[in-house]
Every structure is written in structure tokens, then in C-alpha cells.
Amino acid sequence: MVAYLISFVVGEYEKVEDSYKNIPVNYWVYKENRKETNRSFGLTKDMMRVFNELTGIPYPYEKYDQIIVDEFMFGGMENITLTHNTDRTMYDENAAPDVSSEGLVAHELAHQWYGNMLTTKNWENIWLNEGFATYLSRLYRHEKFGHDEGEYIRYGEMRSYFGSNKRWERPTAHDKYYVPMDLFDGHVYAKGSLILSMMEDVLGKDAFWKAVQHYTKENKHKNVETPDLKKAIEEITGQNLDWFFRQWVYEAGFPEYDVKWLYNQRNRTVKLNVEQKHDLTKIKLFSMPVSIRIDDAMHTIWVDEKEMTFELPVDARPRMVVFNSGMRIPCKVNFNKPLSEWITQLEKAPHILDRIAAINVLKKKKGRRNVENALLKAIEKDPFWGVRKEAVQGFASLKSKQHSDMLMKLSEGQDNRVRRAIWNALRNYKNNDVSTFLQNVVSTDSKYYSVSDAFRALVSVDTAAARKKVDALLVRDSHQDVIRSAAISFFGSVKSDKNYNRLKHHLQGDLVAY
């Protein structure tokens, strides 16, 4: 094992014992968190089962412990047989579903294979540790909670990667840094996971997993670099993926496509024009298979030139053409098509990420009643909570001064993450009905994060009403003190000498140390 994976923790803990196939699986928690142990760590054994199957290698160590640490600097750390987790991962029913531990627990467990049993030779290749752990964590939640949940997590990975790339455009495997921690961003976690998903798309599921299992077995208890993974793929599949590793691992950036389509009635075809529009002086042309949805039919085209035209057969004029269906490729797409087709895509596209892609276009179309109605309909009827949440956020971007009553009505029965998005959207409305509604949420809701967001919205809508609520919230306990933090934010958002003095008073620790 490598030195950075050695650890020990000293503290007052209660040990909660479990096991998986004669392997001790223990959880070390504070006394006050014992009843939350199963909620935070209860799926560990099931994760071990799934990762055993995926990797082809049974859990490689003699035990597995997880321990929580106060004020830990990371979410978690995958020390061999002893994962450290932040104590923030402990939560009760009033913090769910806004807080969950499944992603963190699965990520750190996956590291026992990728990071611990196989460890990168150098920091340049850290994506082999973090990319695999992020990928397996997503695959577990995909299996446990469903296809849509897994795909929405992958969408979050894309946003994470795009954010990191905006701050620092660099390759995934990169040897130019001041300190190793510089590399630990969306390029190695999120993009690393996305690279593995695209690799699976290119190779096919069976070939990909045979290659991964070969890579894992051949390098067990060894140090690895990216060429070791590439070699394993070649040995199992016979395919040379030089082109793939070059553009996604060793070079920076992602493709940007300009797309438009026309219907040829005589030939009954869709003529699809695709142009790669990114700056070719900085980022080379990409070569990738791209999924195209035309109504209910799926096609795959290979885009590898600056500008290409494809003709795809259809029975009649399509209602909907989707480029990069399912967002399988992390890229930017400028698709020139009518507003009505984007609305159809939001209503009819089977894949949640195609519906979200439509929301991302529609949220920029201010002042159009049909757009507002389409987003409100999605909030009401879309079957997946993540799309409903994105639709609320898209609607809020329109800054509409109408439909506050509809938003409040649509909050009934929603997933709490959608409800919180609605509370934030209600900031756009300064009327008594919205104020009364938000006051009621603050006073009666049991969900910590709902109360926190509703109060912050109330501060924007009705400062006087918020002032009457603040003292009660200052003494209300919640997960990570989100309610108390929201209450304290009132004194900074309403600037006065009195509130300044209140902030100084709280800083002295009369309620809580900040």
C-alpha cells in the first residue's frame, strides 16, 4: 500500500457492527448519531455486492470500517480499510431527500478497488482513481434508484466538468501544477466518470466491462498509469483507442456543434447539417459517434470533420429531432430549430436529459406565454423530480410577474427538492399572498432545508414579515445549522445599525459560534 492511505482516528465513538460474507463491516459514530447510522451507511453491504460483480474482484481487504470526523476537510477519504467521512454525512429524516450519503459512501468504497488496490504511479494520472470511483458511485445509484436518477447524476457530472473547465481549461491527465491538490477538480472526478461512460458507449457494454475487469485483475496491488488501461482495452477488444484517449484524456476541451435540419418531402429524409464550431486553433476536431433521435427512432452518426451533412430516412415530417440524444457526449450544442419544437421536446422526449436540454433553451426565451405555460406544465406533469426542479429554475429565469398562484399550488405533493426550487422562484413576486404562503412554510414545515430556503425567499419578498420570524429560527436546531444560518443571513441582507449590532452579538457566541 502507499503511504498516503495510512490513517488512524482517535476519539469517543460508538461502534456499530455488521458484516458482508464474513468480512467485518463496521461504522464508528458519535453517540448522538447512532440512530442515524443505518440511514447513512446501511447500503454499504449492497454496494460491496455490486462492486464485486462489476470489477470481477471480491472486496480485496480483510475488513471495512467507516468513521465520521468532525470538521473534516473533505467529504471523505478512502484510507485502506478505514474510510474517513465528514460528520455532515449523518442526517435524520427531516434532512432527506435534500441530504443523502449514498453517493459519498459508494465513492469511497469504490476507491478500495480503484485508488487503493490499484493506485496511480503519479498525480498526473489521478483521474484513474477519482474517475473510476465517481463512475462506480453513479452506477450503483443508477441500479438502486433507477435509470433517470443515474442519468440526472451524470448531468450533474457534466455541469461540474464544464465549471472546472471554465476556471482552468486543461487535459484530464496533466503534469503541470503547483501542488497535487490543484488537480482534484471536475476534470478528474466528473470528466473522468464521463470518459468511462463514453468509452462504454464506443466499445459496447460487454467489451468494456471485460476490458475493465482485465485491467483490474492484471494490475491488482500495483501502480498504474493511463496506458495500462488503454493496453487492457486493446488486449481484450483488439481496438486501438489512441484517438479516444488523445481527445478526451490527453487534450483539453470539448466539442461545440452547430446543428440544423431540413425535411425533404420528396425523398422522405431528414437532412442534418453538423458543424464543429469550437476554436480549432486551441482544440482539435473531435471524432465521435453521436446519437440522433427523430421522434421515436434512434440513429447513430459519426461526426469527425469540421462540417458534415447526413440524410436520415423518415416516414413523415418529424415533430422532433434531437442531436446528441441523452447528452451522451459532454459538449455544447447550438441547434437552430423552432421554439415549438423545443416545447415538443420538453413534452415528448423519452430521455430526461433531452427534456432538460429543452428547458435550457426555453429558459432564455423571456416574455413568451407559450414558454411559460410549457414550463409550468412540466413542473406539474413530468414524471421525474429532477426535470420538474429544472423546469422550476427555468421558469424563475424568465422573471415572470404572473403565475405565483400556480407555483404555490404546484408545490403540493412535490419532492422537497422541487419545493425548495419553488420557494426560490417565489422571490420574483412581492405580494401579500406569496408572503403569507412563505410564512406558513417557515412556521409549519418539518424539512430543514425547506424552512431555510423559504425564509431566505421571505427576506426578499417581505422583510417586515421575515423580521418577525427570525428570533424563533435563531434557536431552532437543524442539519448543519442551515435554519440558523438562514436566520443570521437576515441581519446582513437588511442593513442597519441595529442588525449590525445583532451580528456582533451572535458572533460572540451567545447562540452559536460563527
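**Salt bridges, a charged patch and a covered helix**

Asp46 and Arg49 are joined by a salt bridge, with 2.9 Å between the closest N and O atoms. A salt bridge here is a side-chain nitrogen of Lys or Arg within 4 Å of a carboxyl oxygen of Asp or Glu. This is a predicted model, in which local features need pLDDT of at least 70 and side-chain atom pairs count only at pLDDT 80 or more, while totals for chains, interfaces and linings use all residues. Residues are numbered from 1 along each chain as its sequence is written, and side-chain values use heavy atoms, with hydrogens and water left out.

**Salt bridges**

- Searching the whole structure turns up 32 salt bridges.
- Asp46 and Arg49 both sit in helix α2 (residues 44-55), three residues apart, about one turn of the helix. Helices (H or I, at least four residues) and strands (E, at least two) are DSSP runs, numbered from the N terminus.
- Asp46 counts as partly exposed because its relative accessibility is 23%, and Arg49 is partly exposed too, at 28%. The cut-offs are under 20% relative accessible area for buried and over 50% for exposed, with partly exposed in between (1.4 Å probe, protein chains only).
- Asp65 pairs with Lys63 in a salt bridge of 2.6 Å, N to O. Asp65 is buried, with a relative accessible area of 5%, whereas Lys63 is partly exposed at 27%.
- Asp477 and Arg484 also meet in a salt bridge, at 2.9 Å from N to O. Asp477 is exposed, with a relative accessible area of 57%, while Arg484 is buried at 7%.
- Asp46, Arg49, Glu53 and Glu143 belong to one network, joined by salt bridges that share partners.

**A positive patch on the surface**

- Lys366, Lys399, Lys401, Arg427, Lys430 and Arg456 gather in a surface patch of positive charge. Patches are made of residues with over 30% relative accessible area and no salt bridge; like charges are joined within 9 Å, and nonpolar side chains (Val, Leu, Ile, Met, Phe, Trp, Tyr) within 5 Å.
- For the charges, Lys and Arg count as positive and Asp and Glu as negative; His and the chain ends are not counted. The place of a charge is NZ of Lys, CZ of Arg, CG of Asp or CD of Glu.
- Lys401, one of the patch residues, lies in the loop between α13 (385-397) and α14 (404-410). Lys401 counts as exposed because its relative accessibility is 64%.

**Helix α3 and its cover**

- Helix α3 (102-110) is mostly covered, with eight of its nine residues buried.
- The buried residues of α3 include Val105, His107, Glu108 and Leu109.
- Among the elements covering them are α1 (37-41), α2, β3 (64-69), β4, β5 and α4 (127-145). Contact means heavy atoms within 4.5 Å.

**Backbone points to check by eye**

- Most residues other than glycine have a negative phi, and most peptide bonds are trans.
- The peptide bond from Ala96 to Pro97 is cis, with omega near 0°. Pro97 is found in the loop between β5 (82-86) and α3.
- Thr81 has a positive phi, near 65°. Thr81 sits in the loop between β4 (76-77) and β5, and is buried at 9% relative accessible area.
- Gln480 has a positive phi as well, near 55°. Its place is the loop between α18 (463-474) and α19 (482-493), and Gln480 is partly exposed at 41% relative accessibility.

Definitions and conventions
Areas by Shrake-Rupley, 256 points an atom, 1.4 Å probe, with all protein chains shown as cover.
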